[in-house]
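Hi there,

Here's the structure I said I'd pass along. Have a look at it first, and then read on for what turned up.

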Amino acid sequence: MISSMTCPVCGKPVGTSTDSTAAPFCSDRCRKIDFFRWWDGQYAIVENLPADMTDELQQFPDLDTELPSD
Ligand SMILES: [Zn+2]
């Protein structure tokens with residue numbers, strides 16, 4: 001039984017000779033590309049904090065003064 005996995009990044013078939021550390025990607029390069037795509041998505045979510053989240057933070061006006069100063 002032959003498994004015909006394809007790289008989710010570039011679509012190339014992932015062969016048995018592929019470095020297993022890169023699985024399920026065809027190469028370490030594609031693995032990193034996928035990671036950065038994922039990271040970029042997470043970062044975008046952080047950048048777009050909802051307005052109510054900002055309001056919650058404003059309920060703690062002393063937050064700045066209580067930060068360690070050293
Ligand atoms: Zn690939």
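**What turned up**

Of the chain's 70 residues, 6% count as buried, where buried takes 20 or more other C-beta atoms within 10 Å of a residue's own, exposed means 12 or fewer, partly exposed is in between, and the C-beta atoms are placed from the backbone. Do keep in mind that this is a predicted model: local features need pLDDT of at least 70, side-chain atom pairs count only at pLDDT 80 or more, and totals for chains, interfaces and linings use all residues. Residues are numbered from 1 along each chain as its sequence is written.

The chain has two helices and zero strands; helices are DSSP runs of H or I with at least four residues, strands are runs of E with at least two, and both are numbered from the N terminus.

Let's start ahead of the helix. Ser4 sits in the segment before α1, and it is exposed because it has 7 other C-beta atoms within 10 Å. Ser4 is ten residues from Val14 in sequence, with 7.1 Å between their C-alpha atoms.

Ala23 is also in the segment before α1, the helix that covers 28-47. Why does Ala23 count as exposed? Because Ala23 has 12 C-beta neighbours inside 10 Å. Its C-alpha atom is 9.7 Å from that of Met5, 18 residues away along the chain.

Now for the helix itself. Ile33 belongs to α1 and is partly exposed, since it has 16 other C-beta atoms within 10 Å. Between Ile33 and Cys10 there are 9.7 Å, C-alpha to C-alpha, and the two are 23 residues apart along the chain.

Cheers
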